[in-house]
Each structure stands twice: as structure tokens, then as C-alpha cells.
Amino acid sequence: MRLSKNFTLKELIKSDTAVRKGINNNPNEDHIESLERLCTNILQPVRDHFGKVVSVSSGFRSGELCIAIGSSLNSQHADGQAADFEIFGVSNREVADWIVDNLNFDQCILEYHKPEEPNSGWVHCSYKNDEENRREYLRAFRDANGRTVYQKEYSKTTGPSKEDINNSLMEG
Ligand SMILES: [Zn+2]
């Protein structure tokens with residue numbers, strides 16, 4: 001089943017862990033509708049803009065799969081509203097910034113990306129609907145204790161400069 005021109009349901013529900021552990025990762029109709037919206041509004045425009053294959057490492061996750069991989073049951077992956085992906089040969093930062101600057105999205109997270117390694121980490125992006133999308137841009141990284149921290153991120157193109165951000169912190 002095709003969700004948009006270049007994306008199939010199969011690649012949005014594929015999970016090696018589910019296969020290995022015999023976990024049912026089949027979406028219901030609501031999940032499929034959400035995945036379709038995600039493909040139409042986020043993944044397909046990214047594919048069309050960069051003109052390269054968008055490699056999806058994780059899309060829909062059933063409750064059982066969430067538990068198996070230690071992902072939260074509240075994760076938007078469990079609703080079919082989010083996907084993790086990257087484009088080989090394009091910096092994940094560039095992909096995330098482009099989404100933030102050009103698309104209507106709910107949450108875009110630059111996950112474990114190291115600026116000095118353009119291909120490190122991956123992009124997580126979710127889509128609810130035009131009205132409810134939060135347009136929230138975050139960066140996830142590990143602190144000194146190995147805990148994951150989420151920080152507000154800004155697009156290099158349209159966001160405030162580093163100086164603006166530092167000044168606002170000083171004033172606040
Ligand atoms: Zn994710």
C-alpha cells in the first residue's frame with residue numbers, strides 16, 4: 001500500500017525488533033491515516049526538495065513494540081504521527097532546518113546530532129494536523145551523565161543568531 005508517491009506503508013511500519021521478537025506491529029485504520037498525513041505533509045515534500053531517497057529507520061510503533069525497545073507509550077510513533085529518518089549525503093541539520101523553514105509540522109527533533117559529523121544522529125518529525133501542529137524545533141543530546149536532554153533549537157537560516165539568544169538569556 002502506497003501512502004504517498006515515494007512512501008509505502010511497509011517501510012513506515014517495518015521494525016527489525018518486531019520481526020526478531022515476533023511482535024505484532026500492524027497499525028489500525030487511524031494509524032494508517034496518520035501515517036498518510038505524515039508522508040504527504042513531511043516525508044514526501046522532503047523527498048521532493050532534496051531529490052534523494054529518504055531512509056526511514058522507524059515510523060509506527062505498536063504499544064508492544066514501544067515496550068520492547070524502551071520507547072514511551074506516549075510517543076507520537078505509537079499514534080503513527082512520527083518518523084525517524086535521514087538522507088544519506090545530506091546533513092541531518094540541513095534536513096531539519098529545511099522542514100522548520102518550509103513545512104507545517106508538529107515537532108521536529110534533531111536527535112543526537114554532532115555538528116562536526118553532518119551524518120550523525122537522525123531527524124525525528126511528527127505531524128498532527130494544520131490546527132494542532134505546535135511547530136516545535138528541539139535538539140536532543142546526552143548530558144555528562146548520559147541522560148537525554150531536550151533543548152530548543154533554531155533554524156540557521158530563519159532563527160535568531162547565537163548572539164541574540166545569548167543576549168535574551170542575559171536579560172531574562
Ligand atoms: Zn522518533
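I counted the elements first: the protein chain has six helices and eight strands. Both kinds are DSSP runs numbered from the N terminus, helices being H or I of at least four residues and strands E of at least two. The model is predicted, so I kept to its limits: local features need pLDDT of at least 70, side-chain atom pairs count only at pLDDT 80 or more, and totals for chains, interfaces and linings use all residues. Residues are numbered from 1 along each chain as its sequence is written.

**Entry: overall form.** I read the order of elements from the N terminus as β-β-α-α-α-β-α-β-α-β-β-β-β-α. Along the principal axes, the C-alpha atoms fill a box of roughly 50 × 40 × 35 Å. I then looked up the radius of gyration, which is taken over C-alpha atoms, with a globule rule of 2.2 Å times the number of residues to the power 0.38. The protein chain has 16 Å, which agrees with the value near 16 Å for a compact globule of 172 residues. For contacts I used C-beta atoms, placed from the backbone, that lie within 7 Å. Of the contacts between residues at least 6 apart in sequence, 63% join residues at least 24 apart.

**Entry: the sheet.** I took two strands as paired if DSSP finds at least two bridges between them. Six strands form an open sheet in the order S3-S4-S6-S5-S7-S8, and the pairing is mixed. Its edge strands are S3 (55–58) and S8 (148–152), each of which pairs on one side only. Direction ignored, neighbouring strands are turned by 30 degrees against each other on average. For such angles, axes are lines fitted to C-alpha atoms, for helices over the stretch in contact, and the range is 0 to 180 degrees between N-to-C directions.

S5 and S7 run parallel and are joined by five bridges. Cysteine 108 has tyrosine 137 in S7 as its bridge partner, and leucine 110 has arginine 139. S7 and S8 are antiparallel, also over five bridges, and phenylalanine 141 is bridged to valine 149 in S8. The hairpin of S7 and S8 has five residues between the strands, and there glycine 146 takes a positive phi near 85 degrees.

Entry: I called a residue buried if 20 or more other C-beta atoms lie within 10 Å of its own, exposed if 12 or fewer, and partly exposed in between, with C-beta atoms placed from the backbone. Buried residues make up 30% of the 172 in the chain. In H5 they are Asn92, Arg93, Val95, Ala96, Asp97, Ile99 and Val100, and they pack against H3, S4, S5, S6 and S7.

Next I looked for a nonpolar core, meaning buried Ala, Val, Leu, Ile, Met, Phe, Trp, Tyr and Cys residues joined through C-beta atoms within 7 Å. The largest one has 29 residues, and those with the most contacts inside it are Ile42, Leu43, Ile99, Cys108, Val123 and Cys125. Helix H1 (9–13), H3, S4 (82–86), H5 (92–102), S5 and S6 each give two or more residues to this core. Which element gives the largest share? H3 does, with six residues. In soluble globular proteins, nonpolar side chains tend to be buried together.

I checked valine 123 on its own. Apart from neighbours within four places in sequence, valine 123 is in contact with Phe85, Glu86, Asn92, Val95, Ala96, Cys108 and Leu110.

**Entry: positive phi.** Most residues other than glycine have a negative phi. Tyrosine 112 is not a glycine, yet has a positive phi of about 50 degrees. Tyrosine 112 sits in the loop between S5 (107–111) and S6 (122–126) and is partly exposed, with 14 C-beta neighbours inside 10 Å. Arginine 135 also has a positive phi, near 50 degrees.

**Entry: aspartate 30.** Is aspartate 30 buried or exposed? Aspartate 30, in helix H3 (residues 29–50), is exposed, with 10 other C-beta atoms within 10 Å. The C-alpha atoms of aspartate 30 and glycine 80 are separated by 8.2 Å, although the two are 50 residues apart along the chain.

Conventions. Two residues are in contact if their C-beta atoms, placed from the backbone, lie within 7 Å.
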